[in-house]
Amino acid sequence: MAMNTRKGFRFTTYEAPEQTPFEKLFEIFQELVTHTSGDVEEALDWLRELDKEYQLTDDDYTIDDFIEDLKAKGYIREEFDTDGERGEGEEGEGLGSLSITAKLERMLRQRALDQIFGKLKRSGSGNHKTGKSGRGDEHTGEFREYRFGDALEHISMTESLKNAQINHGLDSFSLNEEDLVVEDTQYKAQMSTVLMIDISHSMILYGEDRITPAKKVAMALAELITTRYPKDTLDILVFGNDAWPIAIKELPYLKVGPYHTNTVAGLQLAMDMLRRKRNTNKQIFMITDGKPSCLRLPNGDYYKNSVGLDDYIVEKCYAMAQQARKLHIPITTFMIAEDPYLMQFVREFTMANKGKAFYTGLKGLGEMIFEDYEQNRRKRIKG
């Protein structure tokens, strides 16, 4: 740390801010409960193991004290079976199951945003501008003549009355349409985004946890949009054998299943979601690590093939990419794999959509998604 003195700068050793025993444990607990998909009991078991190895607590503040503080501060709650009745135990004081609260869900999203996107500042009304003047909602400080259809609230009465005085004089004062002046506004483009997350079994294969980083990215993006760009929308869907939407509050609990990868179903659902959005730019972000290996046939049966790239499934994916292109919906694919044949598939898929692709590991995934989101918001996507 540098301190300014009369003789110049004096350097002292940096001292980290003091943390209470609760704060130290809470940092670790938030990371653990994200990895355990919201399973509080499992997270606490891991915390106890870490405590044994690294002596995180002492007699003055124990893990049990920490759990009581979590409850008191509203981060976890105890739930009981049989319609709220306690289980059997001494004097009726049985233990129920522990679960995280909405308060902690929000904190996990905020933490993901801080971890991934760094020191972004919140902006209440959003700050993505197209640079075009017109009937928008951002005042430019400039004035122009009134045009039919302009909203009444945009008329500057002060400037309009001044015009009337100049045009007609004080003796025969009148105000007509030619005198009206409108404060110009700037159109702020809105963005509707669908984030697709692959939850097929390969997301936890090969000794690498890929679902937790993807989950963190989703939580960070959700927090970014709701706090910094509240006029934008974010819908999230997951895809395995099928595809289904999930609510933002469900993100901490997201798990991988014993699924194949039905990319086509995910794209179909994403486009259905975006068709309902009016007067916005639209885009799809897809996080995946595997090849498309599954389709649902018209009769309801699943067609699956995990060996190599199946031509039938691949062609269906290309067709979906082309369909999205016709709807002016660009697809950005974040491919968490480096297999040459999979990268070739993503290249072909991206060409069919005229979208973008990032071939990435898990490191830097969040920054890439943020930068791409910001870049797309600065340009108008025709629709």
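Two strands are taken to pair if DSSP finds at least two bridges between them. With that in hand, the bridge partner of S192 in β9 is T233. The structure is a predicted model, in which local features need pLDDT of at least 70 and side-chain atom pairs count only at pLDDT 80 or more, while totals for chains, interfaces and linings use all residues. Residues are numbered from 1 along each chain as its sequence is written, and side-chain values use heavy atoms, with hydrogens and water left out.

The protein chain holds 11 helices and 15 strands; helices (H or I, at least four residues) and strands (E, at least two) are DSSP runs numbered from the N terminus. Of its 383 residues, 44% are buried, where buried means under 20% relative accessible area, exposed over 50%, and partly exposed in between (1.4 Å probe, protein chains only). The accessible surface comes to about 21,600 Å², and carbon and sulfur atoms account for 50% of it; areas follow the Shrake-Rupley method with a 1.4 Å probe, and for residues only the protein chains shown count as cover. Among contacts (heavy atoms within 4.5 Å) between residues at least 6 apart in sequence, 69% join residues at least 24 apart.

We can turn next to the sheet. Six strands form an open sheet with mixed pairing, in the order β10-β9-β8-β11-β14-β15. Its edges are β10 (243-246) and β15 (356-359), each of which pairs on one side only. From one strand to the next, the twist averages 20 degrees. Helix α7 (residues 211-228) packs on this sheet and touches β8, β9 and β11 (281-288), its direction making about 165 degrees with that of β8; axes are lines fitted to C-alpha atoms, for helices over the stretch in contact, and angles run from 0 to 180 degrees between N-to-C directions. Strands β8 (residues 191-198) and β9 (residues 233-239) run parallel and are joined by 7 bridges. In strand β11 lies N281, which counts as buried at 0% relative accessibility. The C-alpha atoms of N281 and P330 are 9.7 Å apart, although 49 residues separate the two along the chain.

Salt bridges number 17 in the whole structure, each being a side-chain nitrogen of Lys or Arg within 4 Å of a carboxyl oxygen of Asp or Glu. In one of them R228 meets E374, with the closest N and O atoms 3.9 Å apart. R228 belongs to helix α7 and E374 to helix α11 (residues 365-377), so this pair ties together parts 146 residues apart in sequence. Both R228 and E374 are buried. K277 bridges to D235, the closest N and O atoms being 3.1 Å apart. Here K277 sits in the loop between α8 (263-275) and β11, and D235 in strand β9, so parts 42 residues apart in sequence are tied together. K356 and D372 also form a salt bridge (2.4 Å, N to O). K356 lies in strand β15 and D372 in helix α11, so the pair ties together parts 16 residues apart in sequence. K356 is partly exposed, at 24% relative accessible area, whereas D372 is buried, at 2%. Through shared partners, salt bridges also join E27, E31, R111 and K216 into one network.

Finally, Q30 is placed in helix α1 (residues 21-35) and is buried, with a relative accessible area of 3%. Leaving aside neighbours within four places in sequence, Q30 is in contact with L104, M107, L108 and R111.
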